[in-house]
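User: Hi! Could you walk me through this model while I have it open on my screen?

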Amino acid sequence: MTLLTLLDGELAFGMTPLLDRAQFSLQEGERVGLIGRNGTGKSSLLAAFDGRLALDDGEVRRREGLRVASVEQEPMLPAAPTFLGALAQRAGWDAMQDEREGWRLRARLVEALHRFGLDESADPARASGGERKRAALALAFALEPELLMLDEPTNHLDVGAIEQLEEFLIQEQRASRAAIVITHDRRFLDRVATRIVELDRGQLYSFPGSFSAYEERKAEQRMAEDVARRKFDRFWAQEEVWIRKGVEARRTRNEGRVRRLERLRVERSERRERLGSVRMQIDAGNRSGKLVAELERAGKDFAGRRIVEDLTLRILRGDRLALVGPNGAGKSTLIQMLLGKLAPDRGSVRLGTQLEIAYFDQLREQLDPERTVVETISPGSEWIEIGATRKHVMSYLGDFLFSPRRADAPIRTLSGGERNRLLLARLFARPANLLVLDEPTNDLDMESLELLESTLAEYSGTLLFVSHDRAFVDNVATQTLVAMGDGTWREFPGGYSDAAAQGAFRQPVADTDSARAQGRPTKSARPGRREAQDKLSFQERRDLEAAPGKIEALEAELAQIHARGTDPEYYRAGAERIRADRERCEQLERELAQWFARWADLEARAQRAAVTEPRPGTRAGSAT
C-alpha cells in the first residue's frame, strides 16, 4: 500500500533548484535511507513530506489519515521540569481529553525512554545534545506512527544508542511501519535500509537493497553517465565546428541541423554537473620519536566517579588508535591525559619526543564565529604550504568545496558540514606528526567521509581519534581502546568489528556500571566462582569443538547472499526476496558475532581450566 507520493516536486533556494520535477513513492513497511551531498536539500525534502515546507511546484500526496512522526537534526524540547513533561508538551498530549488514552501513551513513552537509557524524571534543561536526541526518538517510537521521518538520528549518539535505534527500526518494520531516514552512517544503513534513495542534482534515484548494494550499482551508473557525457560533448563540439565553417559550407547546411545544434546548446547550458569532491592532503611534518605516549597504571576520577582505572598503554609512532565507548565514559578526558594536558590522579604519563600535535575539537570551539572562512584558514597570508606544495588560499579552500564567494562568509553563517570541512582544512594546513580527531565524522557526507578515510590511511604520522561511526573505525584504526565500564579500558587489535568479535561489547556497559554503583559484584568479580566457571560442561566442550565449523558455514552462507546481491539482475527478484535476503543477512551477522564471542570465551576458560587442573596422581592443592 502506498503511503506517500511526490509528483513533479520543485523547490529552490536561490538560483540552484533542490528539487527539479522529482518523483518519489513510499510503500508500507519500507525503510528508506535518504542520502546525498551536504546542501542538496534532504532536510527540506523531509519538511515537504510532513507539511512543514511548501513546494514551489508539484504535489505531495499522503494516504488519508496517515500518522507521521518526525525527529529533526537538533530537536527542541519545550521547557518543563522533567523529560516526560517536555515530551508530553511536544506531542500535544496535555490537550487530550481521554485520560485512559493519555495514560497508555505515557506508559509507552516511559518504556521507550528507559530503552534509550533515559530517566523520565530528569531535567531536560541540563541534558546534553545526545540526550535530547534520544528523548525525541523515544517519543517518536512511543507515538507508534505509520511513517517515521528521522533527520540524522545517529548524530550525538554513542554506539550503544545507535544499535538500540537500529533494533527499534527493525521492530517497526515487522509491524509494517515505514521509515525515511537521513544519515551518513554506512553501517546503520546497511543494517536498517531496505532501499537507498539518493538526492542528486534535483532528482531522486532509487536503489533497492542495502547500502553496500547501492555503492556497487552507483559506481556502474557513474561510469555509464561519464561515457554518455563524453559522447555528448564530442558530438556537440563537432556540430560547433560545422556551424563555424566558411561561406560555402553555410550555403549548403540544412536548417534542421541548425535547430538541432541550438537544442544541443540549450541542453548543455542546462546540464547540472556533479558536485566536486573534497581533496585532502596531510603533511606529517618531522618524524616523532618511536614512543609517542605511555600510560603506566594511570587512574583519573571526576566528582567521585572513576573515569580511568589502572590503565597501562603504549602508543608507538604510526599507530592509529580509536577510542570507543558510551557518551560520558571519559574518551575526551583520556585523550587529554595522553597528550599530557591533564595529569592522572594515580600512575604516570610519559610523552615521546619531537611531537607536533594537531587537534580536531568535536565542539568546534577553535572556530571564531565572527571571523571569515579565509581569515580562519590563513590569517595575514594569501599562501598555504603543505609539505613541498605551495597553494593560494582560495585554491586550497576550493579543495574543501568553498567557493570564492563563500570564502568571505563569517563562520556563524556556515552549516554543520561546512564547519567540519573548515576545521579539517585548518587542521591539515599545518604539519603534524600526531593527529588527534574528536568526532571528526559528524555532519560529513559520505564522499567526504570516504576521502577522509583514504587520506588518513596514507598518513604516516600517529593518529588518536574518537568516533561512534563503526565503519569509519573499521576502515581507519589499527587498534581500538574500548570503555568496559567503571573506569576499565581494554585494548583490542583492529577496528570495531574486530573488538566486537573478541567480546568487547557482550555485556552492556550500563548494566555493569549500575551493578557496581549499587555495590553488587559483577559476575566476573564474585569470589569463589572463578574455578567453577572455568570448567566446561559437556555441551560447552561440544560447542568449543563445533565453533570453527559453525563460523565457517555461517560466513559461507553470508558470502553467498552478498554475491547474489551484486548480480545486476538481482532487483528483478522482487521486494519480498530482497527483504528476505536482507533479514537473513542480519540474522547471520548476529549469529556470527555470537559464535565468535562464545568461541573466544570458551577457549579462554578452557585454557584457564587447563592451568589450574591438577595433574594425574595429585589432588587439587596438594604438593607435587
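Analyst: Happy to; we can go through salt bridges, aromatic pairs, a charged patch and a few backbone angles. This is a predicted model, where local features need pLDDT of at least 70, side-chain atom pairs count only at pLDDT 80 or more, and totals for chains, interfaces and linings use all residues. Residues are numbered from 1 along each chain as its sequence is written, and side-chain values use heavy atoms, with hydrogens and water left out.

User: Great. How many salt bridges does a search of the whole structure find?

Analyst: The search finds 29. A salt bridge here is a side-chain nitrogen of Lys or Arg within 4 Å of a carboxyl oxygen of Asp or Glu. One of them joins Glu166 and Arg470, at 2.5 Å from N to O.

User: Which parts does that pair tie together?

Analyst: Glu166 sits in helix 5 and Arg470 in helix 16 (residues 470–476), so the bridge links parts 304 residues apart in sequence. Helices (H or I, at least four residues) and strands (E, at least two) are DSSP runs, numbered from the N terminus.

User: And is Glu166 buried or exposed?

Analyst: Buried, at 1% relative accessibility, and Arg470 is buried too, at 3%. Buried means under 20% relative accessible area, exposed over 50%, and partly exposed in between (1.4 Å probe, protein chains only).

User: What does Glu167 form a salt bridge with?

Analyst: Its partner is Arg191, with the closest N and O atoms 2.4 Å apart. Glu167 lies in helix 5 and Arg191 in helix 6 (residues 186–192), so this pair ties together parts 24 residues apart in sequence. Glu167 is partly exposed at 27%, whereas Arg191 is buried at 14%.

User: What about Lys300?

Analyst: Lys300 bridges to Asp345, with the closest N and O atoms 3.2 Å apart. Lys300 is in strand 10 (residues 291–302) and Asp345 in the loop between helix 10 (331–338) and strand 13 (346–351), so parts 45 residues apart in sequence are tied together. Lys300 counts as buried at 9%, while Asp345 is partly exposed at 43%.

User: Which residues do shared partners join into one network?

Analyst: Glu163, Glu166, Glu167, Asp185, Arg191 and Arg470 are joined by salt bridges that share partners.

User: Switching topic: how many aromatic pairs are there?

Analyst: The whole structure has seven. Phe116 and Phe168 make a stacked one, 5.0 Å centre to centre with 25 degrees between the planes. Rings of Phe, Tyr and Trp (its six-membered ring) pair if their centres lie within 6.5 Å; planes under 30 degrees apart count as stacked, over 60 as edge-to-face and the rest as tilted. Both Phe116 and Phe168 are buried. Another pair, Phe211 with Tyr214, is tilted at 5.4 Å centre to centre and 35 degrees between the planes.

User: Where do Phe211 and Tyr214 sit?

Analyst: They are three residues apart in helix 7, separated by about one helical turn. Phe211 is buried at 3%, and Tyr214 at 7%.

User: Last one: how covered is helix 1?

Analyst: Helix 1 (residues 42–49) is mostly covered, with seven of its eight residues buried. Just after helix 1, Gly51 takes a positive phi of about 85 degrees.
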